[in-house]
Amino acid sequence: MHTRRSSRSLRTGGILLTAALLVSACSASASTGPSTSATAASEVTLAALPEATPAALAPYYGQKARWRSCGVPGFQCATLKAPLDYAKPGAGDVRLAVSRKKATGPGKRLGSLFVNPGGPGGSAVGYLQAYAGIGYPAAVRARYDMVAVDPRGVARSEPVECLDGRKMDTYTQTDTTPDDARETTQLVDAYKEFAEACGAHSPGLLRHVSTVETARDMDIVRAVLGDRKLNYVGASYGTFLGATYAGLFPGRVGRLVLDGAMDPSLPARRMNLDQTAGFETAFQSFAKDCVQQPDCPLGGKGTSTAEVGRHLKAFFRKLDAHPISTGDADGRRLGEALATTGVIAAMYDESSWAQLREALTSAMKDKDGAGLLMLSDSYYERDAGGRYSNLMPANAAVNCLDLPPAYGSSEEVERALPSFEKASPVFGEGLAWASLSCAYWPVMATGEPHRIEARGAAPIVVVGTTRDPATPYRWARALAAQLASARLLTYEGDGHTAYGRGSTCIDSAIDTYLLRGTPPMEGKRCS
């Protein structure tokens with residue numbers, strides 16, 4: 001899995017799950033063939049926790065939130081505590097950043113509505129204050145206190161730290177399609193350096209940033225806020241977090257929306273292959289649209305999607321040999337790695353396609369890489385001063401703890417390359433190599449693939465987009481089939497996630513569920 005976030009994803013609630021250098025893909029097997037253990041969905045089911053709160057956790061559930069000004073008009077902030085290790089509640093705490101915007105009225109208050117934009121590693125507090133708390137439908141904000149918690153290890157909640165900005169610049173430019181043994185060694189060394197830096201800066205926290213622990217943290221915050229049930233809208237990885245909460249606490253499920261759903265039963269190797277195919281599907285949609293536009297630099301009317309892909313791949317190869325200028329103040333040039341990341345970033349939202357065409361035209365015809373670099377920087381959350389958010393470190397930390405590494409060596413990746421390149425001729429090679437990153441992580445994984453059924457939970461709405469690049473539609477169908485009370489809502493369209501992205505049909509169905517508790521009809525489809 002992997003992440004990225006941009007201003008566009010803040011607006012839509014989408015967060016990238018896989019791609020580029022920092023993919024933290026994980027698999028239950030390092031087999032090189034399509035063995036059952038490497039590709040099949042798990043039959044292990046997440047077990048619910050006892051309904052009674054353990055005595056050792058009572059002090060956490062009994063906390064009082066001391067609200068203060070956030071410096072953002074209309075929002076309040078507080079810091080709560082959770083046990084660092086739920087197996088040893090007395091062995092130390094982790095501080096959780098919480099923010100809320102109280103219900104504006106009119107109408108009866110429906111409680112708190114938690115939001116999470118995904119990642120893992122996306123700041124829920126940042127998402128709330130920049131978008132959800134002001135951009136969600138007025139009727140929803142009128143009836144709910146809008147609430148966000150930065151997951152442990154993320155942003156304001158004791159962030160995981162790894163490389164500084166200068167070293168991150170080097171890391172993000174590392175060639176992820178090695179041509180020979182020397183370049184393979186450089187890529188492996190880059191993964192090792194990143195992992196070692198994370199271990200050095202955050203040694204204790206790295207063992208306790210799993211999705212299960214974050215879901216348990218949310219239950220503490222729910223109780224502190226005085227809500228009997230958890231109401232929640234999660235996007236992308238946020239669907240895994242929300243589904244995990246439902247599996248652990250089915251009796252405390254209120255109104256849950258899981259948009260851009262993940263399938264928790266998949267081992268990472270299968271997950272990465274599915275995502276690779278998802279990006280190929282998104283690219284084909286872009287390619288079909290591109291050749292109809294007068295400014296498409298990859299072909300004109302009549303050019304096949306396969307030809308468009310070959311043209312882009314050829315351009316990447318040129319950049320691999322001869323990076324081009326970007327005008328960057330820090331001297332970064334546009335090579336294959338950054339260019340690929342920029343293209344992938346634009347696959348998340350079809351509204352980015354025009355920007356991508358312009359960036360590709362500048363790079364291919366004028367040898368000006370500034371546009372693609374800007375897209376890449378938005379993906380990595382790098383600002384103009386060369387500072388990165390902790391999105392990527394947190395992403396790796398959670399992913400590498402939630403599942404075992406997909407591959408244990410470069411030789412295993414090389415043997416897997418054909419399956420990835422078949423899934424995506426354009427992106428497959430790079431995404432295959434990105435699957436190696438967790439192999440060198442300093443902490444052993446504590447999770448495994450599992451089904452989530454959440455028997456006894458109230459109705460849960462699972463949303464899937466048919467041409468979603470990062471969370472393929474098949475995952476939404478799989479999660480809806482696992483959850484005992486799920487209703488699948490389908491958006492027939494492009495882009496990552498569906499709520500708040502322009503479909504009146506989708507928005508109306510979700511708003512009705514949040515405000516009235518009435519889930520959409522089984523099998524409802526929107527466009």
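Visitor: Which parts of the structure do the buried residues of H18 pack against?
Guide: This is a predicted model, by the way. H18 covers residues 473–482, and its buried residues include Tyr 473, Trp 475 and Leu 479. Their packing partners are helix H9 (237–248), strand S7 (253–259), helix H10 (268–290), S8, strand S9 (486–494) and S10.

Visitor: Let's stay with H9. What span should its 12 residues have, and how far apart are its end C-alpha atoms?
Guide: Take 1.5 Å a residue, and the 12 residues of H9 should span 16 Å. That agrees with the model, because the end C-alpha atoms of H9 are 17 Å apart.

Visitor: How many of the 12 residues of H9 are buried?
Guide: Buried here means under 20% relative accessible area. Tyr 237, Phe 240 and Leu 248 are among the residues of H9 that pass. H9 is largely enclosed by the rest of the structure, because the number of its residues that are buried is 12 of the 12.

Visitor: Now the disulfides. How many does the structure hold, and what pattern do they follow?
Guide: A disulfide is a covalent bond between the sulfur atoms of two cysteines. The structure holds 5 of them. Count the bonded cysteines along the chain, and the pattern reads 1-2, 3-4, 5-6, 7-8, 9-10.

Visitor: Is the link of Cys 290 and Cys 296 right-handed or left-handed?
Guide: The sulfur atoms of Cys 290 and Cys 296 are 2.0 Å apart, and both residues are buried. The turn about their S-S bond is 105°, and the link is right-handed.

Visitor: How many residues apart in sequence are the parts tied together by Cys 400 and Cys 438?
Guide: These two buried cysteines are joined by a disulfide, 2.0 Å from S to S. Their link is left-handed, with -90° about the S-S bond. Cys 400 lies in helix H15 (residues 391–402) and Cys 438 in the loop between helix H17 (428–434) and strand S8 (460–467), so the parts the pair ties together are apart in sequence by 38 residues.

Visitor: And Cys 505 with Cys 526: which elements does that pair tie together?
Guide: Their sulfur atoms are 2.0 Å apart, and the left-handed link has -55° about the S-S bond. Cys 505 and Cys 526 are 21 residues apart in sequence, so the elements the pair ties together are helix H19 (residues 504–516) and strand S10 (residues 525–526).

Visitor: Which relative accessibility does Cys 505 have, and which Cys 526?
Guide: Buried means under 20% and exposed over 50%, with partly exposed in between. Cys 505 counts as partly exposed, at 26%. Cys 526 is buried, because its relative accessible area is 2%.

Terms used: Residues are numbered from 1 along each chain as its sequence is written. This is a predicted model: local features need pLDDT of at least 70, side-chain atom pairs count only at pLDDT 80 or more; totals for chains, interfaces and linings use all residues. Side-chain values use heavy atoms; hydrogens and water are left out. A disulfide is a pair of cysteine sulfur atoms within 2.5 Å. Buried means under 20% relative accessible area, exposed over 50%, partly exposed in between (1.4 Å probe, protein chains only). Helices (H or I, at least four residues) and strands (E, at least two) are DSSP runs, numbered from the N terminus. Contact means heavy atoms within 4.5 Å. The expected span of a helix is 1.5 Å times one less than its number of residues.
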